Amino acid sequence: MAAKSHSIFDPAIIVPAIGDAFRKLNPITLAANPVMFVTEVGAAITTFFLFFNGGKDIGFELQIALWLWFTVLFANFAEAMAEGRGKAQARALRATRTQTFALKLTSSGKIEKVGAEQLRKGDMVVVSAGELIPGDGEVIEGAATVDESAITGESAPVIRESGGDRSAVTGGTKVLSDQIKVKITSNPGETFIDRMIALVEGAKRQKTPNEIALTILLSALTVIFLIAMMSMKAYGLYSGVDFTIAVLVALLVCLIPTTIGGLLSAIGIAGIDRLVQKNVLAMSGRSVEAAGDVDVLLLDKTGTITIGNRQATEFRPAPGVTKQEVADAAQLASLADETPEGRSIVVLAKEFGIRGRELHELPHATFVPFTAQTRMSGGACSSRRWRCDEHGYPSSERGR
């Protein structure tokens with residue numbers, strides 16, 4: 001579903017990321033990243049010797065300890081920032097679900113307004129034109145046109161009616177015309193939106209084969225350099241040189257691939273986040289890596305690459321008819337059409353100098369509203385053919 005794109009400098013993302021950076025200092029959490037785990041252990045050891053060993057050069061050791069803790073916190077902050085956008089997208093989807101209200105039919109036949117999250121499987125709701133369908137369900141009475149572009153990407157509205165194979169509706173889609181009675185078929189936590197939220201929140205927990213291979217390589221390099229530092233301590237004692245713990249830890253952190261290890265998880269999450277900003281949900285990091293190798297993309301329908309909202313852009317008259325006449329007739333035929341397509345025709349007609357008109361301004365005309373059954377709208381006068389004068393009122397003179 002379409003959602004607002006969140007800036008990386010959004011306080012709603014930065015502030016929680018600062019707290020997450022400190023929560024991620026938990027050694028159990030950092031154990032999944034061997035490079036940063038070793039860095040944190042080095043920072044803890046340096047801090048311990050700084051306060052309890054009475055080092056000779058306190059200023060130098062304090063500087064080393066601060067830089068080590070900053071390195072760990074920065075890596076945690078980068079990962080938390082990358083996760084923040086995914087969480088923000090999930091919150092936006094969750095808000096769409098919780099802020100939707102429904103007109104629920106009670107057992108006594110009365111209509112009660114409740115929140116969408118209160119609906120349960122088997123409940124009956126009534127949804128009218130312009131309202132969001134509160135949950136996944138099945139149409140049991142009536143027919144309506146439904147805008148499913150937020151779910152499928154298809155810009156053209158679809159007909160949903162009781163009976164047959166076109167009765168299923170999805171929560172979060174919008175009814176454009178008519179009124180339908182829907183029977184809810186899923187409980188909270190089992191709807192389509194809930195599954196989308198789970199995809200956004202769960203994407204960060206899936207590692208790709210390349211990421212796993214790189215983690216193994218970084219772990220091996222860390223172990224090698226760790227052994228080298230232990231050997232250097234012993235060699236220093238043998239040579240009469242006393243290498244302090246702070247110096248050895250600082251050298252170890254400089255040798256191991258700290259930058260790659262600190263930003264590895266953030267890079268993976270950022271790739272998924274870039275897709276989320278385009279309203280594309282990646283089910284795993286593997287799919288993001290596979291997308292980088294794609295040379296040709298085949299789409300099964302035009303709706304996949306549209307903005308999900310059809311708008312009139314041009315009037316094309318028949319031979320012998322001007323665009324002004326077409327715009328005038330199209331606007332009159334669309335006055336009773338409350339769908340986005342009908343409203344866009346009325347707006348486009350204004351570009352031809354035709355002022356906006358209302359139904360009550362045309363007392364001699366009969367207008368046919370758009371419905372899912374007729375799939376059309378229009379207007380008629382006492383004569384079969386009619387046109388309007390310069391003031392927008394039907395003229396007795398026959399027109400084309």
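Predicted model: local features only at pLDDT ≥ 70, side-chain atom pairs only at ≥ 80, totals over all residues.
1. Helix α11 covers residues 323-334 and helix α12 covers residues 340-349; the two pack at an angle of about 145°, and their axes are 9 Å apart. The crossing of α11 and α12 is left-handed. On the α11 side the contact is made by A327, A330, Q331 and S334, which meet G342, R343, I345, V346 and A349 of α12. Sorted by type, the residues of this contact are five nonpolar, three polar and one charged.

2. K104 has V125 in β3 as its bridge partner.

3. Another open sheet consists of three strands in the order β6-β5-β8, and its pairing is antiparallel. The edge strands β6 (158-161) and β8 (174-175) each have a single partner strand, so one side of each lacks a neighbour in the sheet. Strand β5 (residues 143-147) runs antiparallel to β6 and is joined to it by four bridges. V146 stands opposite V158 in β6.

4. N33 lies in the loop between α2 (27-30) and α3 (34-52). Is N33 buried or exposed? N33 counts as buried because its relative accessibility is 18%, and buried means under 20%. Apart from neighbours within four places in sequence, N33 is in contact with G261 and G262.

5. The count of aromatic pairs is four. In the pair of F48 and F49, the ring centres are 5.6 Å apart and the planes stand at 85°, so this pair is edge-to-face; the angle cut-off for that class is over 60 degrees. F48 is partly exposed, at 47% relative accessible area, and F49 is also partly exposed, at 28%.

6. F315 and F352 form a tilted aromatic pair, 5.6 Å centre to centre with 50° between the planes. This pair links distant parts of the chain, 37 residues apart: F315 is in the loop between α10 (285-291) and α11, while F352 is in the loop between α12 and β10 (366-368). F315 is buried, with a relative accessible area of 7%, whereas F352 is partly exposed, at 25%.

7. W67, F70 and F74 are linked into a cluster by ring pairs.

Terms used. Residues numbered from 1 in each chain as written. Heavy atoms only, no water. Axes fitted to C-alpha atoms, helices over the stretch in contact; angles between N-to-C directions. Left-handed = near helix turned anticlockwise from the far one by under 90°. Contact = heavy atoms within 4.5 Å. Nonpolar A, V, L, I, M, F, W, Y, C, P; charged D, E, K, R; others polar. Buried < 20%, exposed > 50% of the residue type's maximum accessible area, 1.4 Å probe, protein only. Pairing = 2+ DSSP bridges. Phe/Tyr/Trp six-rings, centres within 6.5 Å; stacked < 30°, edge-to-face > 60°.
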